[in-house]
Protein chains: 2
Amino acid sequence: MYCPQPMLHLIQCLSALPGIGEKTATRLALYIMNQTEADALQLARSILEVKEKVHLCSRCFNFADSVECAICRNPSRDAHLLCVVETPGDLMAIEKAGHYKGLYHVLHGAIAPLDGVGPDQLKIKELLQRVSAEAMQEIILATNPTVSGNASALYISQQLISAGVRITRIAQGVPSGGDIEYIDEGTLRSAFDGRREMK
Amino acid sequence: MYCPQPMLHLIQCLSALPGIGEKTATRLALYIMNQTEADALQLARSILEVKEKVHLCSRCFNFADSVECAICRNPSRDAHLLCVVETPGDLMAIEKAGHYKGLYHVLHGAIAPLDGVGPDQLKIKELLQRVSAEAMQEIILATNPTVSGNASALYISQQLISAGVRITRIAQGVPSGGDIEYIDEGTLRSAFDGRREMK
């Protein structure tokens, strides 16, 4: 494909992003070429700034632009409740839902021995330290309902048995708005196993 | 949605790109956060470089990283053949097809009076100057087969009547691999109007 070297390079860099193939990358590069100098500069700067200014929160390992993240610093959050998630993206989704008002702990992955990820590669040691240091009443394990997410939840719950704290796992069942006809067997089994009394 | 200010800003900048909504922008921002410093730097630099180093070719108005673009500078291209396109993206698509070996002229748009785009907003004056200055034998009008693309082709062909040069329009018909059952009426009409003898 003909185009000037700097454009080819931009297309290559954009293609490296997830879900962006060569066609989309070309479209984006052409768009950036037609953007004003100021808009392109802002985009480039925002990429640099995010790497420069955003680090992991020293307490919960969420993304933060100061030593502790805005959630850990917020005195109105319930400090007795801790939700354990795999990634900052999971945390953002739960925050967007807006219902949960406790604190978080981000593992940065899940146990997957075949990919070389064991408990030591995750923030599990830090989680155990937090639970013994902070006065937690409940740990909600909100890792993904996948093999590795379930394995992580199981591992953590075993490590925390002696901590004398309530440990819960988020419910697995039919998603809201779902159509039972098209829901997979595993999910249906979870939905029946986890059924609750109608009140 | 909770996330650090620099991440929110990056998400905003990415959402401004075409075809990228807030969800995709968030996914990309999370990916960039997990990229190495070097990869993110390279992405940011490639955006700045494309704006810094890529300009319009002084002859055909394609994107170029020197005064003239690589196609205009290439002595093996047929300088008697000129293909008129709306955008550098159109040019790239034709180059990718790899069949055309002449030169180009990029209009940077098409005549659309309702959007305030008349002949003076396009590189039409420059096209007429080129045709009279360079020894062209054929002008292929490859603007889009749309109302404004057709209007631009018609306008240019009228302006070039006195130039004594062959003026052609790319064929409109059924696209290769298409299914006649699902092809729109306008395209089918063009395909019948433009039918050719089987040899």
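The residues that line the second largest pocket comprise five nonpolar, four polar and four charged ones. In this grouping, Ala, Val, Leu, Ile, Met, Phe, Trp, Tyr, Cys and Pro count as nonpolar, Asp, Glu, Lys and Arg as charged, and the others, Gly among them, as polar. This is a predicted model, in which local features need pLDDT of at least 70, side-chain atom pairs count only at pLDDT 80 or more, and totals for chains, interfaces and linings use all residues. Residues are numbered from 1 along each chain as its sequence is written, chains are lettered from A and ligands numbered from 1 in the order in which they are written, and side-chain values use heavy atoms, with hydrogens and water left out.

To begin, select Ala171(B), Gln172(B), Gly194(B), Arg195(B) and Arg196(B), which are the closest to the centre of the second largest pocket among its 13 lining residues. This pocket holds about 350 Å³ of space. A pocket is found on a 1 Å grid over the protein atoms alone, as an open set of points where a 1.4 Å probe fits, with protein on both sides within 12 Å along at least five of seven lines; lining residues have an atom within 4 Å of a point. Grid points are joined across faces, edges and corners, and a volume is the space filled by probe spheres set on the points.

Next, select Cys83(B), Ile94(B), Ile140(B), Ala142(B) and Ile170(B); of the 16 residues lining the largest pocket, these lie nearest its centre. Its volume is about 520 Å³. Colour α5 (88–97), β5 (138–141) and β6 (166–169) of chain B, the elements that each give two or more residues to this lining. Helices (H or I, at least four residues) and strands (E, at least two) are DSSP runs, numbered from the N terminus. The largest share, three residues, comes from α5(B). By class, the lining has nine nonpolar, four polar and three charged residues.

**Stop two: between the chains**

Now display both chains. In contact (heavy atoms within 4.5 Å) are 55 residues of chain A and 55 residues of chain B. Together the chains bury about 5,000 Å², 76% of it on carbon and sulfur atoms. Select Tyr2(A), Lys51(A) and Met92(A), which supply 16% of the area that chain A buries against chain B, more than any other three residues. Buried area is the accessible area (1.4 Å probe) that two parts lose on being put together, summed over both.

Two salt bridges are counted between the chains. For one of them, select Lys96(B) and Glu22(A), whose side chains meet at 3.2 Å, N to O. A salt bridge is a side-chain nitrogen of Lys or Arg within 4 Å of a carboxyl oxygen of Asp or Glu.

**Stop three: within chain A**

Which residue forms a salt bridge with Arg166(A)? Select Glu138(A): the closest N and O atoms of this pair are 3.2 Å apart. The pair links distant parts of the chain, with Arg166(A) in strand β6 and Glu138(A) in strand β5, 28 residues apart.

Finally, select Glu134(A) in the loop between α6 (124–133) and β5 (138–141) of chain A. Not counting residues up to four places away in sequence, Glu134(A) touches Arg59(A) and Leu103(A).
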